[in-house]
Structures are given as structure tokens and as C-alpha cells.
There are 2 protein chains.
Amino acid sequence: MNLITIAIGLGLVAIIYGVFTSRQVLSSPSGSEKMQEIAAAIQEGAQAYLKRQYSTIAIVGVIVAVILFLTLGPISATGFIIGAVLSGVAGFIGMNISVRANVRTAAAAQKGLQDGLTLAFRAGAITGLLVAGLALLAIATFFWYLTAVAGHTVGEDDRTVVEGLTALAFGASLISIFARLGGGIFTKAADVGADLVGKVEAGIPEDDPRNPAVIADNVGDNVGDCAGMAADLFETYVVTVGATMVLTALLVKGLGGYLLTLMTLPLLIGGVCIVTSIIGTYFVRLGRGRNIMGAMYKGFLVTAVLSVPAIYGCIWFVQQGDLAAPVGDLGFRGLDLFWCALLGLVITGLIIWITEYYTGTNYRPVRSIAKASVTGHGTNVIQGLAISLEATALPTVVIVAGIIIAYQLAGLLGIAYAATAMLALAGMVVALDAYGPVTDNAGGIAEMAGLDDAVREKTDALDAVGNTTKAVTKGYAIGSAGLAALVLFAAYTTDLAEFFPELDVNFSLENPYVIVGLLLGALLPYLFGAMGMTAVGRAAGDVVVDVREQIREKPGIMTYEQKPDYARTVDLVTKAAIKEMIVPSLLPVLAPIAVYFVIGWVGGRANGFAALGALLLGVIVSGLFVALSMTSGGGAWDNAKKYIEDGNYGGKGSEAHKAAVTGDTVGDPYKDTAGPAVNPMIKITNIVALLLLAALAGG
Amino acid sequence: MNLITIAIGLGLVAIIYGVFTSRQVLSSPSGSEKMQEIAAAIQEGAQAYLKRQYSTIAIVGVIVAVILFLTLGPISATGFIIGAVLSGVAGFIGMNISVRANVRTAAAAQKGLQDGLTLAFRAGAITGLLVAGLALLAIATFFWYLTAVAGHTVGEDDRTVVEGLTALAFGASLISIFARLGGGIFTKAADVGADLVGKVEAGIPEDDPRNPAVIADNVGDNVGDCAGMAADLFETYVVTVGATMVLTALLVKGLGGYLLTLMTLPLLIGGVCIVTSIIGTYFVRLGRGRNIMGAMYKGFLVTAVLSVPAIYGCIWFVQQGDLAAPVGDLGFRGLDLFWCALLGLVITGLIIWITEYYTGTNYRPVRSIAKASVTGHGTNVIQGLAISLEATALPTVVIVAGIIIAYQLAGLLGIAYAATAMLALAGMVVALDAYGPVTDNAGGIAEMAGLDDAVREKTDALDAVGNTTKAVTKGYAIGSAGLAALVLFAAYTTDLAEFFPELDVNFSLENPYVIVGLLLGALLPYLFGAMGMTAVGRAAGDVVVDVREQIREKPGIMTYEQKPDYARTVDLVTKAAIKEMIVPSLLPVLAPIAVYFVIGWVGGRANGFAALGALLLGVIVSGLFVALSMTSGGGAWDNAKKYIEDGNYGGKGSEAHKAAVTGDTVGDPYKDTAGPAVNPMIKITNIVALLLLAALAGG
């Protein structure tokens, strides 16, 4: 059987798992009428938002597709559309599962913690495996069509396959940055706005039905933390696996049929890890200690351990049983590729462990923030910022070590395989993450429907773990993005040499245009972060104004005699988020083009390319730190608040708690808007540069 | 007359100005007995701190001097000691003027705003011109000794001069990072700690004599904002001018006597700008609009405008009247060097203007933070962080444009001359800055001595301008550091090629070890910032505990019946600051050495050097953004509070004001501890790399 066919088949397994498990989830009881009513409002809001978001993105998408069609031809345009549409579909399905599982999780939590965990995690696993499965199917079928049906070869003379895959990745990335940013602005504007008037001004608890922004807040969990995250990981998967295939095609010369096989290997690895991920999901069960995080890690560990022989098998199969045999003419053996993949798994594990350390309530960082809250708002924020800066150190050391080891083992392709192995676990990692918004919503529904405190306690326990798993996924996504971006950069330099062999591009740090490019690249994440933070602040301000107005117009809201107009707030946040996402999302698309032309005009074409290349690395170098510090810092602030709410330093209502709420508010746009959106941003910059190269070379 | 002699003479002019103006300042009335008593307590505390700080640094300094003596010989050790001692002297004198001018400014403000301004600004000008004068004298006399007395040539065969100048810069930088960080931790720990118990817990105003930490807070202004800043700018001056001379020696080959002349040109430019700075100080006078900032800018503008013909004259003189003649064999004319110097002045002006925009109360950024304070602590901090991220954009664009233009005009030496011209204005810029702590202290003394509210109003008006000028100096220092570091990097690569001609070091971005170096370099400012922030938080916590204890032990403090033990708090902060400054200060010294040896061991010697070089650029690229965002953001937070205190959004005591106080507290360690210390940190990393090269090459 053909290798691509196997990969496609394994992708379909994920879809089948998704359909099968969806039925299970949907068939479980959905609670009282009141709960269903609330859930329906959330669902309606989420769907309305996504509809408007996708309509807006569609306009940008059509324009870009037309440009690609005109510059690079129909295959690139098709690849772009496939990537864009499937990225949207991944987000859409994730959101749809999430808005249905929330109320069912609340209902299940009435029965017990294990029931709630099972339901919420299954919902997460559906999203996770559909993301991985759709991503794998997108690349595998497109690749299959190009090579087997349309008959393009993958060798030196035919660039169609490489450009098609790049365009596919571009489509996924472009949708993803809009979804991450739009969803991120929505969720945090609603969250911060609801907290500001609710908790701070009106003195009503979180998720209180009297707060007109409460439904918007719950909608936000679904469109930001679920749909946005799903689109983001879909993109990371497609770009990483796609970049590995592209780099293989660019590096390996003159191997004929074996090149095709080697290009299929990343797809195969992705495929077998879908199976190990599915097996892993069945191990997420509470043990005797009733440790929820432990249950999650059990599932992850099973997946990771099973993936080792599975990946070994893939390489063994591709190498026809001889791992000691050299891989083409590249100077390393099949076994080396296996070690690199194993390294990717180890990096994933280490990054999860480090993120857990920096964002979990059991360790120094979170506790130091909680302790600093005792002396006030200011010291809480100072300590939180200190932790967010510090949290970049260990992941950087891990990534640096990973780069060195992978490169020593198998050169650039080694780095690519480490990244691919990281992403192969995406099904499981996304499952851990997508579980978060479901439990968050379940808690909200339990509160609003007036369920027993015991139920809320269970959903809160489930939710606390969600804070850490959300931070973990972001650390994982940005870490893998760092490696994937290096692969993309390698593709850029290789492409450049191929397209413009006559140009002597000087990428040396001694070339001032390289320094200029590094500085401008490093600026992008800062500017992008500033725009994201400002957008959240502005939109949250609108929410505050709206909620105040509603409470003034209907004084009966506070006495439960009148019902707030939830839909009005949802609509307002929707409009604000859509408006605010456009400009920052276009920044990474237009910046590389602008830098190439401006520097090329001032310093000559070769320096234009040198500055552009340096810009790509500048974005990675600076973006890695901005994203890691924002996501870890935000998670730490959130859990410092939770730690105080658990009864430390005076507990809920104390001055320390108030300070911790401030820290949490600050961390919100850090960790859920600006930070995670840096991930697709880094890759868009790189992919745009690759497409620009192809366009300049004449398509 | 010999050119070096002229430069030395002009350096002495600065010293004469300092002595002359000191007499003027010291002869003015020093207020009531009560005021003198308070001033004496501040003076005592500041001297005690500096004494202990310098004793601690001396230990590190002696160790380093011995290492330099053993590896590079007596001349390098001597250079190091001169740089270190004079850097310390600059800080020491600045502090001593400042602690005497504060009470006299308070007394003068009783007479009128112009009197207060004149006295405070003169005090600042003394520090400013002594910093510039001492820095110029340090390099000029050492250079004169080496070339004219010891008879070393500056050509290819004798590296003594280059290594001596590098060691001199190292001495200045090493002291400067300790002084910046130790002083920064002291001032902000005392400030934050005093505010937390004073304003927040006990409900007493700032600078209230009942607060046991109030003297420590005022001591902090002198040891951090004055002594620390003076050492920092001394270092920036020495490194920039020194690096320009070193680069000239490395780039220009076989010109004989003319090389010596060309190497003296930066000294001459520094010298004439001392004269233009002195002239400028006499133009700092209130106009009819009584605009204090306007008075400051008048002085700066006069200096900048006069510097244009002065610098032109220097180049004309060195080029013997023919600016169209080529400079050696470097491929550009004398006129091009003049354009580069002019460019440096323009960059200085633009950075001042941008910083004013981001930190002044008249513009959008500060006002947006003030507005966000209305909705709470959280939104204040979010908007402040957004502004701090955004504030990096325009300075980066200016620096990038500067690099490109200077490089097009006169290559690497063009960049060096732009930086030198920037630093030539240091006398004036430091004057604007050192004025700040004097007025800050004057306000504190007025408050504690119970002077009229009208006096406090005047000192407050003077102080508000100080916030902006302090931010301006930091933006200026870090901007020039960016350029100077590029010059140092060029020296590194040139040196490397000379010392190890057989090594093929690949600085291309395509070399993974270069990427590794960039990532590790980018990490340093983050780690350093985290350490600085944590140190402030920890030390401030100690202050809070001490103040609470004192108030408990002596209940009469709050009713003015008992006097707090001010010295006890000063002593506590002193110990804490000294302890906390050691580890972060050694980070940039040890990191380059560690990276070279580890990467060299893993990837071979050439890759060790490549990674080290990339580390240097990584530190610059990331440090520039970290420092700019921290210093601008902190300044904006501070003035947003001031803007509210001026009666906007509810004024003092409103909820918005409380939120703004939180933002100000967060901004404190940002702008006065972590942010500015990044500046010497960047350069230490670079200089250590240069010395390491020399040591590896066998001294």
C-alpha cells in the first residue's frame, strides 16, 4: 500500500473518532431547562460571532487568493483556499463541540467529579483529534493530488509541489492569526469588562446572571480559547509538517522516487501519532488521589511513550528495515532521524514540565506572586512581571539545546524532524487544552442556573487545571513555532539560492542590513503586542459602558426583577473584536513585503533579501520571548488568584485577593490575546517571505 | 598645539566649570535649621550607602584587575583601574552635589520658581559637565600617556593602545552596572516600600516625616537617579568614544601619523561640545510662559545648534581644511564624517522628541493611561504595558534609519561617529537629568520641614519636568548604546579576523550556532530584568516589614510624639541593595565566557566564536526593546499619575488616582532599576567578548 494512502487513512481514523465520540457526548443528559436555556444563549452568541468573523476573514481571504492566483497560479491559490477553509472548519467544529459539551459537563458534574472530567475531556479530545486529523488530511490529500493525480514531480525542476504546500500553510496561518486575535480580543474584552463592572463596581460574583456581560464572557471562552486555539494549532501542525516536507524537497537532490517516500515520512509520523493520541485519551482517569492534573498527565504520558515505537516503526518502514543506512546523500542515517524525533518528544515533555512549574499553584513562581499580593496591587504586578520575564529562560535553554543536538545529529532536517515529532502529539495536547473552556463554561452555567455549591466546586476544580493546560499548550505551540520558523528560514535561504543564483546575498551579522532586519523583525512582536493589548483595553471599556447603561436603564436587573439584554453585549463585543483584529493581523503580512522593497531600494536587491531574511529571524528571536513571557506570566497571575481563593493569604475578599484580581486582569490579554497570537504571526512573516520569493522569481 | 593636548584642555574646562559653579551653589542659603537637619540625614544616608557600595564593588574590581593583569598585562589592568575609579568618582561627585543642592533648592523655591529652577539646574549641570569632563579626561590622558609618553604606536603591530582603551571602557562599564543596579534597587525598594506602608496602609502622604522610610526614599533619589545615572553616562561616554577610536585603529591601515590624528578626532569633538554644553546651560531660563520644560529645551537647543559648527570645525582642522579630501583609504570624505556627526545630533533630537511624546502629560499615551485608570487598577496596568510595548517602535525606526544612512555615508566608522556626536552632548543631557533628583529631594525636604504649600507646589512643578527629562536621558543612553554596541560588534569581528586569521568563522544567519547565540543573547536582558524586578520586590517587602515594626514599637510616631529611626531603614535598604546587585551584575560578565566555552566545546572553536558574536547582537537586539519599553512605560505611568493629580479624572484621592498609583508603583522598578541597567549590561557583554578575544590570542 502506498505511504500517502496510509497517512490519509490514519487521518480518517481521527475523523471517525471525532464523529463517534461526538455522539457519545451529545447523547449524555443536558441538564435542566434553565441550564439548556443558558447554554442556548451562549451557543447562539458564539455562532453569531464566528459567522461574522469568518465573513470578514473571507473578504481578506478572497483578495489574497486572487493575488496568489495572479502571481503564483491556480495550484497555489487552491492550496491557500484549502488551508484557509480547513483552518476555519477546525475552529468551527471545536467551538460547536464546546458549546454543546459545556452544559452536559455541568450536568455530569452533578453526578461526580469523574463524570464531569470524562465528559469535558472527551469534548476536548474531539477537538484535538479533529484538529490533528484535518491538518493531516489537508496536507496529505493535497500532496497526493499534486504528485499522484496531477503528476507533478518533487524534484529540482518542478516547484509546483513546494509552492502548493507553502500556499496551503499560508492559508492556515492567515485564518489562524485572525481567529487567534479576533477570538482573543473578544474573550478578554468580555472577561475584563464583565469583571470590572461586575466584581469591582457592582460587587456581584463572577458568572452572576445579573451581569449583562456574563453570556459574552462565556461566549468568549468558546470563540477565543476553543475556536481560536484550534485554528492556531491547526496552523502550527500544517506549517511544521509542511515545512519539513518542503525542506526535504529543497535539500535532497537527485534521489528520484526515494525523495517522494522521504517527503511522506512526516505525514506517516503524524498519522501513527493520531492512533497513539486516541489510545492516550482512554487513560485520562482519576486515580485514587483524585488528582485531576495527574489524570491528564497519565493520558499524555501513555501517548508519548507509545509514540516512540510508533515513530521508530515509521522510519524503519521508510528505510526498508535498515536504520543504519544513510538517508539519501545527506550524510546521516535513518537512526539519526529517529533520535531527532525522540528529541522532539523530550522537548515537548520538558516544556510542559517547565510551564507547569511556572504556572502551577504548587511551585515557587505562583506562590511568590500570591505572597506579593499581600503588600498590594503594585507588588503583585511587579512580581508577576518578574516571573513572566524569568519564565523565558528555561524554555529558551531547552530549545537551544534542542537545536544544537538535532543539528549535530541530522542537520537542518534534524531540527525539522524534532519539530514534526512535537506537533505529532498535537491531538493529545489540544485535547488537554480544549477541555479548559468547556469546564470554564460549565462552571458559569452551574452558577447562572443556581446549581448546588457542590457542583460549582467540582467545575472549579476542573477549571483550575484548565488554566495550567492552557498555558502548557501555548508554551508548546510557541516552542514548536520556534523550531518550525527555523525550518522556514532554512527554506527561505535555500529557495533564495535557487531562485537567484546570481545574487550574492550576505547574511552575515557583519552586514549592517542584516542588523537592520533583525531590529525591524524584533520590533514586530512588540508592535503587535501593543496593538492587541490596546484593543482589549478599548473593547473592554466599551463593555463597561454598555453594562453600566443597561443597569441604569433597567434598575430591576440587580433585584432579579428584570433580565439584562445579553445579546446586546455579545453583539457589541463582536463588532469591537472584528474591527480591532484587522490592522494587527495584516502587520506580519505586509511588513516583510515593505522591508524587502524599502531596503532593496536603498541598499540594493541583495541587501533587500538579506534584511528580509534577518527580519524573519528577528521576529522569531524576539517573538519567542514576548510570547513565552506573556503566556507564562498570565497563567501564573491567574493561578496566584486561584491559590489565594483556596484560602491562602486571607482568601476570597481579602486585600490580597483584590490585588490578585488586578494581576489576573492584567494577565488576561497577556496570555489569551497578545501572547498566543504571536505564534501564527511568526510563521506568517516567514511564509509571506517564501511566497514573495516565489512571486519575484516569476511564479 | 597637539590635538590631544587641546582635548585634555577642554576636559579641564569642564572641571573648572564644575568647581566654579559648585561654589555658586554651595554659597546660596541652605534654609532653616529644620531643613538642614533633614538634609543632613539624607546626606549621611547617601554617603553611607555609596561607601558600602564602593567597598563591595572594590572587591570585585580588585579581582578583575588581577585577572586582567595576569592575562593581558599591566597596561590593561591600569586602564581598567582608571575607568573604574573615575566612573566611581563621577557618581560620587554627582551624589555629593545633589545632596547639598536639594535643601538649597527648597530654600530658593521659597523666593520663586526661577530661583528654584536655576539652583536645581546648576546642580544638574555640575554633574553633567563633570561626567563628560572626567570621561573625556580619562580617555584623553590615558591615550596621551600610551602614545606620547610610553611611545606605543597605534598601527598594526602594537595592540597595546587598543587593549588599554578597551580595558578602560570595561572598568567604567563594570562599576556602572553595579552602581546602576545597586542604586536602582535601593531607590525603588525604598520608594515602593515607603509608598506601600505610607500611602496605602497608614494613609499618610508622600514624604511625611512620620514614615520611617521617608529618608531612605530621599537617599534613593541621590544614590540611584543621581550617582547611578552619572556612572552610567560616564560609561556610555567612555565606551562610545573609546569604541570609535578602537574601530578607527582596527579599520585604518598603514596611514602612519595620520591615523593618530584620526583617532584623536572623537576626543576633539567631545571637547568642543563641552564648551557648547556650558554655553547652553546659561540659556536655561523661564520665558514669559513660565514653561519649565521649554526652558530646558532652550538650553539643549542652543547646545545642539552651536555644536554643528563646532564639530564641523574639528573635522575641518583634522582634515587640514579640505573636507572633500578622502579620509585615509576608507573610501569616504571628511565631509561624510561631518554628515554622520550631524546625523547623531538629529537622532538625539528625535529620540528626545519621541520620549517626550510617550512620557509627557500633553500627549495621547500618558492620557490614555490616565483614562484607563478610571476603570480600575487592571486597565491602568494593561494600557501602561501596551504603551510600553508601543513606545519601542519609533525609536527603533529612528535608529534603523540612522544605521542605514550613516553606513551609506561612511561605513562602520560613520555609525561610530553618529554615536560619538550623540554622546558629545552628554554634558547637557546629564544636566537635564541630574536636575530631577535635586528637585525631588527639595520637594521632600519642603514637605518634611513643613514649608508653605506654595513652595511644595513650585518644587512639584519642577519635579514633574524631571520625570520626563529622566525618561529622555534613558532613551538617549539606550539609543546611543545601540549604536555603540554595533561599533563594538564590528570591533569584535575585526579583532577576530586579526587574531585568528586561520579560523573560518561563519557569522551567517544560516549557521545554527549563530541562531543559538542570538537566542541566548536575547535571553540575557529578560533574565537580568527578572532579577532586577524580583530584587526590588523583595527589598521593598523588607522595608514594609521594618516600617510596620517601627510603628508598632513606637506608637507615638503617628502622633508626632516619637521620632522614627530613619537610619535603621536606610541601613536595611543599603544591605538589601548591595546583596541583590551582585548576581545580576555578574550575569553579563560571565555569560559571554560561558557561551564561548560551551559552544566551542560542542561545535568547535569557530562556532564558539560565531555563537559568541551572535550573542552580542542578540543582547543588543533584545536589550534595546526591553530597555526602551521599560523606561518609556515607567515614565508614562508616573506622569499619568501626575496628570490625574493635576485634577483630571477625579484628581487626588479618587479611585482613578488609586489605580494610577498602582501603575506608578509597577513602573518604578521598570524605569529606574531594570530598564536603565540594561544599557551598561549590553556593553559589558560586548567588551568582555573583546577582552576574551585578546586573552585567548595570548594577551
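Let me start with salt bridges between the two chains. Across the interface of chain B and chain A, the rule finds zero salt bridges. Keep in mind that this is a predicted model.

So what does the interface hold? Seven residue pairs are in polar contact between chain B and chain A, counting pairs with both residues at pLDDT 80 or more. Several helices of chain B each supply at least two residues to the side that touches chain A. They are α5 (160-202), α11 (377-390), α12 (393-424), α14 (453-499), α15 (512-553), α16 (566-603), α17 (605-645) and α18 (655-696). Which helix gives the largest share of that side? It is α15(B), with 18 residues. By class, the side of chain B that touches chain A has 43 nonpolar, 17 polar and three charged residues.

Now the extent of the contact. 63 residues of chain B touch 63 residues of chain A. The area buried between the chains is about 5900 Å². Carbon and sulfur atoms give 83% of that area.

Next, how the copies are arranged. Take chain B, turn it by 180°, and shift it 0.0 Å along the axis. It then lies on chain A with an RMSD of 0.0 Å. That is the relation of a two-fold axis. Both copies use the same surface: 100% of the contact residues of chain B recur in chain A. Which residue of chain B comes closest to the rotation axis? That is B:Ser508, with its C-alpha at 2.0 Å.

Back to salt bridges, this time over all chains. The structure holds 56 of them. In general, side chains of opposite charge can pair when their charged atoms come close. Here is one to look at in chain A. A:Asp672 forms a salt bridge with A:Lys188. Their closest N and O atoms are 2.9 Å apart. This pair links distant parts of the chain. A:Asp672 sits in helix α18 of chain A, and A:Lys188 sits in helix α5. The two are 484 residues apart.

Last, the aromatic rings. A search of the whole structure finds 32 aromatic pairs over all chains. One of them joins A:Phe489 and A:Phe507. This pair is edge-to-face, with 6.1 Å from centre to centre and 70° between the planes. A:Phe489 belongs to helix α14 of chain A. A:Phe507 lies in the loop between α14 and α15 of chain A, 18 residues apart from its partner.

How values were computed. Residues are numbered from 1 along each chain as its sequence is written. Chains are lettered from A and ligands numbered from 1 in the order in which they are written. Side-chain values use heavy atoms; hydrogens and water are left out. Copies are superposed by least squares on the C-alpha atoms of residues with pLDDT of at least 70 in both. Contact means heavy atoms within 4.5 Å. Buried area is the accessible area (1.4 Å probe) that two parts lose on being put together, summed over both. A salt bridge is a side-chain nitrogen of Lys or Arg within 4 Å of a carboxyl oxygen of Asp or Glu. A polar contact is a pair of N or O atoms within 3.5 Å; within protein, one must be able to donate a hydrogen and the other to accept it, and residues adjacent in sequence count only if both atoms are side-chain atoms. Helices (H or I, at least four residues) and strands (E, at least two) are DSSP runs, numbered from the N terminus. Ala, Val, Leu, Ile, Met, Phe, Trp, Tyr, Cys and Pro count as nonpolar, Asp, Glu, Lys and Arg as charged, and the others, Gly among them, as polar. Rings of Phe, Tyr and Trp (its six-membered ring) pair if their centres lie within 6.5 Å; planes under 30 degrees apart count as stacked, over 60 as edge-to-face and the rest as tilted.
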